Amino acid sequence: MQIRKKTIVCMLLFILFVGNAVAQNLITNVYGRDIRSLNGKWNAIIDLYDQGRGMKVYRNQSPKGNTDFYEYSFQGGLRLNVPGDWNSQTPELKYYEGTVWYARHFDAKRLTHKRQFLYFGAVSYRCRVYLNGAEIGSHEGGFTPFQIEVTDLLNEGENFIAIEVNNRRTKDAIPAMSFDWWNYGGITRDVLLVTTPQTYLEDYFIQLDKESPNRMIAKVALSDKKAGEKITVSIPELKTSIDMLTDAEGKAETVFNIKKLERWSSENPKLYEVIVSSANDRVEEQIGFRNITVKGTDIYLNGKPTFMCSISFHEEIPQRMGRAFSEADAAMLLNEAKALGVNMIRLAHYPQNEYTVRLAEKMGFILWQEIPVWQGIDFTNNNTRKKAQRMLSEMIKRDQNRCAVGYWGIANETQPSKARNEFLTSLLETGKQLDTTRLYVAAFDLVRFNREKKRFVMEDSFTSQLDVVAVNKYMGWYHPWPIEPENAVWEVIPDKPLIISEFGGEALYGQSGDENVASSWSEEYQARLYRDNIRMFDNIPNLRGVSPWILFDFRSPFRFHPTNQDGWNRKGLVSDQGIRKKAWYLMREYYKTKFGE
């Protein structure tokens, strides 16, 4: 009886630990910490029927006696690159949706007066993490980071980690059952072992006030609830150093004025070395500062009305038909955007790799980041709402100090309803509790032509809660022109800034055809469609930005046409082989004109 009681107590303590592991706050600026990469070749087992958990493959057992055997082995089988999606690494997994087990050994030391964490940049879509034969945490969401403390769980010497990864689509997921991009599965971003002091700088947020060019906000939180600890925030180049004392929660906050600040902009993406220090920890990071606000129907960057010359791209390298995951991948995508002449990028339709965000900031791109609340979401499901709130929080916390991020996007192409409105309102509330220095935006596909008024109009009461309203409208592709483009006048949310967040049409690179026939799938038709839309833009009084869909052709399972699509969405301005189509040059000239204004 006594043994049973002890067993129950141990089980309850383990359950409590796992619950805490899932709920841990993210370490701000993980790449600025003491980190060790666990990337590389991992052993893998494909588990189509989800039998691995029942077989306890995470224990990685091997036969010891003459009658012992196990119907699995991580050794001598499939090996997958981490980071990376499994779909592009072997033909058999191209369309695979299900479970894959990843595993590897690594050496570690148990450190006194230190804490250690396993940090995952992203795992798509859901996962369970096992260390040395026991489950230690889980996560759902394929595009945001999470961490699990392993300070007391590491062995001195050899350790064994197994990750149960599943990318199966479900109704309660985000995104849900159908979405217009490839369902890449796997450990798609970095895996790190992070070491910190016993009490470390867990979180800090240092940005300009939304309105003021010289009023700085600094918020810092320790990992432990320690009152009276001195926190210093310094910016050496500006000869600025501010001291604060933590409260009973281990948090400190102040507002201070700063002189001779050079604000970050697209033309001059200035970053400063910022040092945050406490009694036992010190973190350095390059941070920029800017103001982005809305006044009437204008978007102001650093007090200047700014037109958003934008482009979107997926986190995909089309030439290798796989998920982008490295600094080199980020450079490829961003350099092509730079050549187009944009000042903004919509990172569609989910938070993209931190390498992309940081490099974009250095290159001077304003960023719109969003969570994948994309069509088909079950807005009546309270658990789905909680997932969305957590995804939004994880996105904001990771990039809260990236001044390039000007917009937090909360939804794309959702249909009005009471449940939808309540769901999205909860996201705005969650976001604004964390960050009020950015603009909040959502994209809608509800614009319709009113034949009586001869105007394009849209009705959606939720737009009143947003800073900026965005519209996806594929005139000339999904929607035939009801009127000549130069006469197509818009009266859409006239009291707010409007961004055309998607427009365009498909063309197979190198295919010629009649510019008047959509089914030609020709570059000529795509080019004419772009010319027509550009003519229409002059008739949108509150238009403050445009973002063609999309920079590159991208993979999509429901693009069925056997010769013109073959599993690709061909709306890219650049082909899947990296060659620019005719429409690319039209947008480049349009953006030159806008910057000339």
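Predicted model: local features only at pLDDT ≥ 70, side-chain atom pairs only at ≥ 80, totals over all residues.
Visitor: Why is E336 called buried?
Guide: Buried means under 20% relative accessible area, exposed means over 50%, and partly exposed is in between, with a 1.4 Å probe and protein chains only. E336 comes in at 13% relative accessibility, so E336 counts as buried.

Visitor: Which residues does E336 touch, leaving out those up to four places away in sequence?
Guide: They are L551, F552, V574, R580 and W584, where contact means heavy atoms within 4.5 Å. Take V574: it sits 238 residues from E336 in sequence, yet C-alpha to C-alpha the two are 8.9 Å apart in space.

Visitor: What makes β2 and β4 a pair?
Guide: Two strands pair if DSSP finds at least two bridges between them. Strand β2 (residues 40-47) and strand β4 (residues 99-108) have 5 bridges, in the antiparallel sense. I46 stands opposite V100 in β4.

Visitor: What is the strand order in the open sheet of 6 strands?
Guide: Reading across, you get β3-β2-β4-β9-β6-β7, with antiparallel pairing. At the edges are β3 (78-82) and β7 (134-140); each has a single partner strand, so one side of each is left without a neighbour in the sheet.

Visitor: How is the protein split into domains?
Guide: The domain assignment gives domain 1 (28-60 + 72-195), domain 2 (199-289) and domain 3 (292-593); such bounds come from an automatic or database assignment. The centres of domain 1 and domain 2, taken over C-alpha atoms, are 33 Å apart. Their contact takes 7 residues from domain 1 and 11 residues from domain 2.

Visitor: What is the area buried between domain 1 and domain 2?
Guide: Buried area is the accessible area (1.4 Å probe) that two parts lose on being put together, summed over both. For domain 1 and domain 2 that comes to about 640 Å², with carbon and sulfur atoms giving 36%.

Terms used:
Residues numbered from 1 in each chain as written. Heavy atoms only, no water. Helix = DSSP H or I, 4+ residues; strand = E, 2+ residues; numbered from the N terminus.
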